[in-house]
Amino acid sequence: MASLTPNGANGTTQPHNKLLDTVIREPSRHPSPQPTHLGVPGSPNPHVLHESGSGYVAPKFEGKAKQMEDVMTELDAAEFIPEDFVKTETEWFYNALGIDDMYFSTETVAAIASHIHSLWAAKVAAYARGGGDGPIQIQLDKEDVDHAVYIDTSTPGITNAGGPKYEERLETKYLDGSRGAKSFRVETFRATSSDAAVQSIRCYFVYQASFKNKTPEMGETRIEVLGDERFLQKTTKNTKQVYQGIMDQAVQRTGPVIDMYDVEGQREKRLIVGFKQGSALGLFSALSNLYHYYGLTSSRKYVEQFSNGITIMSIYLRPSPNSTSKHPPIEASIHQITKEISLLYCIPQNKFQAHFIAGKMSLQESIYAHCVWIFVQHFLNRLGSEYNTLATMLDSNNNAHAEILGKLKKRLRNETFTADYILEIINQYPDLVRPLYLAFANTHYVQTRGEEDNFLPTLSYQRMTIDRALTDSELAALIAKTAVNEHHEMVMTAFRVFNSSVLKTNFYTPTKVALSFRLNPTFLPVEEYPQPLYGMFLVISSEFRGFHLRFRDIARGGIRIVKSRSREAYGINARSMFDENYNLANTQQKKNKDIPEGGSKGVILLDYLHQDKARVAFEKYIDSVMDLLLPPTSPGIKDPIVDLHGKEEILFMGPDENTADLVDWATEHARIRGAPWWKSFFTGKSPKLGGIPHDRYGMTTLSVREYVLGIYRKLNLDEREVRKLQTGGPDGDLGSNEILLGNEKYVAIVDGSGVLVDPNGLDRSELLRLAKNRKMISDFAAAKLSSAGYRVLVEDSNLTLPSGEVINNGTTFRNTFHLRNQEHYDIFVPCGGRPESIDFSTATKLIKGGKPCITYIVEGANLFITQEAKLRLEKAGTVIFKDASANKGGVTSSSLEVLASLSFDDAGFIEHMCVRPDGTVPAFYEEYVRQVQATIRENARLEFEVLWREGEATGESRSILSDRLSVAITRMDEELQATELWDNVELRRSVLSDALPQLLLQQIGLEKIMERVPINYLKAIFGSFLASRFIYSMGISASPVSFFAFMNLRMSRSKAAINGQ
């Protein structure tokens, strides 16, 4: 990591002890409804339960007395419990444990007798282990597919780390997997004891839900319709009303609903938490750890499931008999617990949970350490000064040197500091984490109740009164003094880097669904990341980790979700995700040269254990990022945040891998949260929301296709005779449209299902069928292959090809097919595949006798070929057009979609850009799409021409020329925006009139567009249009004199147009 820098974007230091009126906020930022709900303790109208008891009243079991007699008879017959103890043990089980009649009415005599036998055996075993003087430890568990019983003795208010962990067990086996009809509800009670401060018995009963209505209608929220039959039988009217209020909130929220009720006439509090099933795995047991930390214990707990997918937990809390003076009173601690539940919802089980349970860290200290642990994995500078010295000594233009450096970099990043090694180091320094955390809290915690708010949420009540926040230099000295070696010091110093880089965070917002941090990216080492980032977001949840990177204030790019097939694949993806994100955003920056937005990209990596949580992860990622873009308006729900960036930020996003079907939700969610930019937040949304689908209109392919056709045009090639290889099959956007728009002789296609090859040319009518229906090559009619053709699917093994070659593994064959040189192709168009599918070393497989196996490559898939590999192939004679040039049709379409959403008011946008529910397409929309397509073709043609021209004239690599072109345009764009040219009203209007789509100008008018579109966005349009047109017409290395001539011509045209009016 680079040297430490202050948090503030301008190097300003943060104020001390943030009070509400000192929070840095932009006055222009707009309010937003909230994604979660929180009942605030101490509010003017506190919730009070006016009924005594639990609110659960089991129907009286009329046969209880007879059943009890039958149980004793069975126990007598078994002769395991001495006859003199049968009656006392049975009565104790029936009357002293707090078990209600519902249990006895649903269990058989044999089952109850079995439970009593197990408890007796546990007592005997405990007596044998510890003698008769101490407390007896009882541990009983009975598990079945549809119910379970757990009983153990425990000390109220204390988590026993070495105990049976029944809560974690029932959670893992029953609660976390609850979905639909296979959902489980829980009831748990603590029995009264003569010596409650020492031990008492806790009983857990798990039942499979039996819903009154298993398939409710969409939008149904009535408890009476959605509830479990036992729940509906047992709960009082008042309890149903309480749950109904939680339900009404939960169905509308992304995150949890948190509410608290005072129990009339008692110091007991009833805490209620509602959330969507599957969105908070591990929360039930984590809540116990939380209230134990604050000196509380629970008398009763209930987990209820509802058939619309909502879970509601209800916990009755009271001061633990073991609480001490270090614990705050329940009235203060319950306030803290309600605020910290959202932290548990984000990360129910963090990597430092053991320290929290043992009291060595508070919850927020442990979650803070968990977040920094993730940060360190990605940003600890593993290359070191020695690598940088070696890199300066070697010749980067020498292929052998470049290959050595590349391999060394990969090895150093993968092997030096593993995630486990970093975790091991941090675990040794809980006493260092505390002052590091306190420095973080001192910067970012806002005292929402003024000076009375002296109970900061992240430290124990007592510790906060005596500790002071250390300065950064004091922390550095403390780390140097405490760390036992250099590696340990590097890891703990990364905490300081994290603290100094955080510009704003939702860490202290009471209602959140994931933890988000806006980071100042200046800590990134320039040797590894030469192109400086403008903005960086880090988002962390139990289901995923994610980044959003952008190179300009105004930037756009897709959000992708990365899945992992195995634990090993997850480790590889985790190590490479930031670099991949950075490179994707950098590629986006280069391809966005024609449009006002710079490059950005978001990557969400699903945790290995949560590969099925793509939608949950996406929703949490989007909502938590929005926490840092929108201002808070509801005290206790969305508290103000400390904003050291100090500027309003707007992000423009779009679909990417595994997110195409989620962008409508993101658009609607931005609207619901009151974002003024909701229409432009996401591109790629459905037409009913004003989106222009790239796949339907072939937007991405149009640009790629222009480069393919440009090669044919320049070299007078007959498209029908060109032999073609394509990765990315007929099921995908780019692949299907490339097939539909092209007319080459397809020889091979590779997609997710396998490889399809025919040296005589694949049947075109069959390919068109697959492309139109978005089917994979596994659906290709094998009868339409020639005798030399074949298909190898990923599940195939020991398959013999027509040539006699045996394929041992279909997946391996698929993954490496594009590197085979046995077949002959003229052109290769990658339309899909993982980044770096061809790198420096594998590129040699595509060169035979110093000549390329493939003559032309148009890189449609992002980052498919590394830059070093491109240079190697070009040196051998391959004509390559890289992704940053060829694959820019989608970004152009998205940019013009954003422009339309910014130019129209809401009513005009709905009228002219939103397809009607019956499928009717507005006339404006149809014509606008045609103009977008024409713009994509024109921009691609202009860039192709300049790259071809300069390549022919200079002999320089077109891959390098493409980068130089992008840099030249973006640099000139930024310089033009900083000049006084914008102030020339005549020139401004002239440029915007040419740059903006004519249809928008005709429909809305230039004046209205300039009034509605943000000025920084208009400046970006002005700069990018002038810069791109100058470079395209005058060349990459055009001189300032050329620009003078270009502008003179521009001004003269402008004056002529005005005079002609």
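The model is predicted, so local features need pLDDT of at least 70 and side-chain atom pairs pLDDT 80 or more, while totals for chains, interfaces and linings use all residues. Residues are numbered from 1 along each chain as its sequence is written, and side-chain values use heavy atoms, without hydrogens and water.

The chain holds 39 helices and 30 strands (DSSP runs, H or I of at least four residues and E of at least two, numbered from the N terminus). Of its 1061 residues, 58% are buried (under 20% relative accessible area, 1.4 Å probe, protein chains only). The accessible surface is about 41800 Å² (Shrake-Rupley method, 1.4 Å probe). Carbon and sulfur atoms supply 51% of that surface. Among contacts (heavy atoms within 4.5 Å) between residues at least 6 apart in sequence, 72% join residues at least 24 apart.

Eight cavities of 30 Å³ or more were counted. A cavity is a set of points on a 1 Å grid, over the protein atoms alone, where a 1.4 Å probe fits but cannot get out. Points are joined across faces, edges and corners, and a volume is the space filled by probe spheres set on them.

Pro640 sits in the loop between helix H21 (614-627) and strand S19 (652-655). Pro640 is buried, at 15% relative accessible area. Its C-alpha atom lies 6.9 Å from that of Val446, 194 residues away along the chain.

Technical notes
1 Å grid on protein atoms, 1.4 Å probe; cavity = no way out; pocket = protein on both sides within 12 Å on 5 of 7 lines; lining within 4 Å. Buried < 20%, exposed > 50% of the residue type's maximum accessible area, 1.4 Å probe, protein only.
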